[in-house]
Amino acid sequence: LEREEISNTGIFYLDTTNGPTEFEDGSVCNSVMNRFVQFPSTLKHRSVSQTDTAQRRGINFNWIPINK
């Protein structure tokens, strides 16, 4: 398999805002403090700008699992 096919992406939300993350498959993940969402790196996604706070903070992760 190609690296892109097995890699993962994760988002850890540092704030709760009304700006969700939208995915190309139509699903939505709300920005909730201390939430971690994990998905295949090949799944396109985007952040929607929040309107209830001055900022939206999150930490993004990308990794390739190690087979045991």
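This is a predicted model: local features need pLDDT of at least 70, side-chain atom pairs count only at pLDDT 80 or more; totals for chains, interfaces and linings use all residues.
Trainee: What makes up the fold, in helices and strands?
Mentor: The protein has 1 helix and 6 strands. From the N terminus the order is α-β-β-β-β-β-β. The C-alpha trace spans about 45 × 25 × 15 Å along its principal axes.

Trainee: How many aromatic pairs does a search of the whole structure find?
Mentor: The search finds 3.

Trainee: Why is the pair of F23 and F39 called edge-to-face?
Mentor: Start with distance. The ring centres are 4.8 Å apart, and the limit for a pair is 6.5 Å. Next, the angle. The planes stand at 75°, and over 60 degrees counts as edge-to-face. So the pair is edge-to-face.

Trainee: What makes you say that this pair ties together separate parts?
Mentor: F23 lies in strand β2, residues 21-23, and F39 lies in strand β4, residues 36-40. The parts are 16 residues apart in sequence, so the pair ties them together.

Trainee: How do you know whether F23 is buried or exposed?
Mentor: Buried means under 20% relative accessible area. F23 has 10%, so F23 is buried. F39 has 6%, so F39 is buried.

Trainee: Why is the pair of F36 and F61 edge-to-face?
Mentor: The rings lie 6.0 Å centre to centre, with 65° between the planes.

Trainee: Why is F36 called partly exposed?
Mentor: The class runs between the 20% and 50% cut-offs. F36 is at 40% relative accessibility, so F36 counts as partly exposed. F61 is at 36%, so F61 is partly exposed.

Trainee: Which residues do ring pairs link into a cluster?
Mentor: F36, F61 and W63.

Trainee: Where is T21, and what makes it buried?
Mentor: T21 is in strand β2. Its relative accessibility is 1%. The cut-off is under 20%, so T21 counts as buried.

Trainee: What makes the approach of the T21 side chain to Y13 a polar contact?
Mentor: The limit is 3.5 Å between N or O atoms, one able to donate a hydrogen and the other to accept it. The side chains of T21 and Y13 make such a contact at 2.7 Å. The T21 side chain also makes a polar contact with the side chain of R56, at 3.0 Å. Beyond four places in sequence, T21 has contacts that include I11, V28, C29 and H45.

Trainee: Why is Q50 called buried, and where does it lie?
Mentor: Q50 sits in the loop between β5 (45-47) and β6. Its relative accessible area is 17%. Under 20% means buried, so Q50 is buried.

Trainee: What lies 3.3 Å from a polar atom of the Q50 side chain?
Mentor: The backbone oxygen of T53. Leaving aside neighbours within four places in sequence, Q50 is in contact with T17, N18, G19, Q55 and R56.

Trainee: What share of the protein is buried?
Mentor: Buried residues make up 26% of the 68 residues. The accessible surface comes to about 5,000 Å², with 49% belonging to carbon and sulfur atoms.

Terms used: Residues are numbered from 1 along each chain as its sequence is written. Side-chain values use heavy atoms; hydrogens and water are left out. Rings of Phe, Tyr and Trp (its six-membered ring) pair if their centres lie within 6.5 Å; planes under 30 degrees apart count as stacked, over 60 as edge-to-face and the rest as tilted. Helices (H or I, at least four residues) and strands (E, at least two) are DSSP runs, numbered from the N terminus. Buried means under 20% relative accessible area, exposed over 50%, partly exposed in between (1.4 Å probe, protein chains only). Accessible areas come from the Shrake-Rupley method with a 1.4 Å probe; for residues, only the protein chains shown count as cover. Contact means heavy atoms within 4.5 Å.
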